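Hi there,

Please have a look, and then read my notes below.

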Amino acid sequence: MPEIEVTGLPARVRAWSDRPIVSAGIAGGATVVYLIVRLIVSGHGQVSRFVMAELPYANPAKVPPGLPILPKNGYDGQFFYRLALNPSSLHPTAYGITFDNAFRLQRIGYPVLAWLVSFGHHPWVPASLVIVNVAAITAIGLLGGLIARDAGRHAAWGLLLVGYWGFVFSTGRDTAEPVAAAFMLAGVLAYRRKHPVIAGLLLAYGALSRETVMVFVAALAIIRVIDIVRRRARPGADDLAWITPGMFFVAWQLVIYQVTGSVALTADTSSNSGHLLSPMLHALSTNIRQISIHHAAIDAWILEFVALVVIIVCALAALRTTTVPVHERLALILFVIELFVLSPDIWNGVADLRSLDDVYLFSILILLGSRVGSRVQARRLRIPVMALIPVLFIVTVHRIVSL
């Protein structure tokens, strides 16, 4: 397949940069620079501030020493921090931190990695949460380069997968999106390369990091079952790619239920799902009405929403001509449908739409798989770049100055 070059660069630079390891280095390096600046400017040199622990979930008298406690405006990082202190402790309250509900326990993948990096040493956990997310972004850069090269494109195009602005928020507040995305993309690539067992294990860990990975698993299962029913395929090792994550996910749900008496997946339904379309439309109309006050978070939200819509529309327009497998196209459609039932908490929040990274990632996968050599397809890939760059810059600056 012919290669699309990154124009505007000398031939030697293009050749040197056309390696996935370079994309990984750029992704990881940029993330480290951003986090160091954020640590200095808004973190006041304390990486534990990224945890965003707050009252009443964190008890100042009982939390590990050195953890700042906010009176309000805390965030989800405090629950990942709590699990990273000891992933085997699933009790509602431990180490001075109380879970708001059992939903938090199902996202165990990210805290386990942070616990391993910290060697179980509590003072190291705030830094280990950051290190794991930097490693995840670096891995996404590597995977993006590999995916781009497989599509016949310059490896640098794979940086589009890293570029979701929600990852800026996640890395700066210790949440699980980068880890879940890295494992999901690794599973996608492993399945493409005919390694279904490895794909299943990677997707299983991704689903235990963030349950939305199961949407892709469901898309894979649907296509496999249809092919088997129509006798275009036989049951076999390929089915382990969706059976394995399903088994691990259900098993972990049962463990949580045994400990807490609650079904983790449904414990926070009101905060994660809502009525069809109304939450999204309400958030859009509310933010548009407030645009005149020039509030940074509101202005950024509108830009993020517009950019995401543009990227999704470009991907949907390319569905019929992309070369990616059918199950990945179905996954994009399922993630788009998911947008219409998300709750007001997700749409109205000031989290830079971090929860919508899945639909962004699959939109980029579809666009990267567009047939090389077509001017129309090349334009569809450049449009997301033009939409992405200003939003990514604005969000990064905003997150540097605002904890």
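Let me start with Arg354, which, leaving aside its neighbours within four places in sequence, is in contact with Tyr75, Asp76, Tyr164, Gly166, Phe169, Ser170, Thr175, Glu177 and Arg210; contact means heavy atoms within 4.5 Å. Before going on, please note that this is a predicted model, in which local features need pLDDT of at least 70, side-chain atom pairs count only at pLDDT 80 or more, and totals for chains, interfaces and linings use all residues. Residues are numbered from 1 along each chain as its sequence is written, and side-chain values use heavy atoms, with hydrogens and water left out.

Where does Arg354 lie? It is in the loop between helix H16 (344-348) and helix H17 (357-368); helices (H or I, at least four residues) and strands (E, at least two) are DSSP runs, numbered from the N terminus. With a relative accessible area of 6%, Arg354 is buried. Here buried means under 20% relative accessible area, exposed over 50%, and partly exposed in between (1.4 Å probe, protein chains only). The side chain of Arg354 makes a polar contact of 2.6 Å with that of Asp76 and one of 2.2 Å with that of Glu177. A polar contact is a pair of N or O atoms within 3.5 Å; within protein, one must be able to donate a hydrogen and the other to accept it, and residues adjacent in sequence count only if both atoms are side-chain atoms.

Next, the aromatic rings. Rings of Phe, Tyr and Trp (its six-membered ring) pair if their centres lie within 6.5 Å; planes under 30 degrees apart count as stacked, over 60 as edge-to-face and the rest as tilted. By this rule there are 13 aromatic pairs. One of them joins Tyr75 and Phe169 edge-to-face, at 5.1 Å centre to centre and 75 degrees between the planes. That pair links distant parts of the chain, with Tyr75 in the loop between helix H2 (20-41) and H3 and Phe169 in helix H7 (residues 166-172), 94 residues apart. Both Tyr75 and Phe169 are buried. The charged end of Arg173 sits over the ring of Tyr75, 5.2 Å from its centre (CZ of Arg or NZ of Lys within 6 Å of the ring centre and within 35 degrees of the ring normal). Elsewhere, ring pairs link Tyr164, Trp165, Phe167 and Tyr360 into a cluster.

What about the nonpolar core? Such a core is a set of buried Ala, Val, Leu, Ile, Met, Phe, Trp, Tyr and Cys residues joined through side-chain atoms within 4.5 Å. The largest one has 101 residues, of which Trp165, Trp347 and Leu356 touch the most other members. A second, separate core of 11 residues includes Leu83, Phe99, Leu105 and Trp252.

Why is helix H3 (residues 77-85) largely enclosed by the rest of the structure? The reason is that 9 of its 9 residues are buried. Among them are Arg82 and Leu83. The cover over the buried residues of H3 includes strand E1 (93-94), strand E2 (97-98), helix H4 (109-118) and H5.

Finally, helix H5 (residues 125-150) has 26 residues and reaches 37 Å from its first C-alpha to its last, close to the 38 Å expected at 1.5 Å a residue; the expected span is 1.5 Å times one less than the number of residues. After H5 comes Gly152, with a positive phi near 85 degrees.

Best wishes
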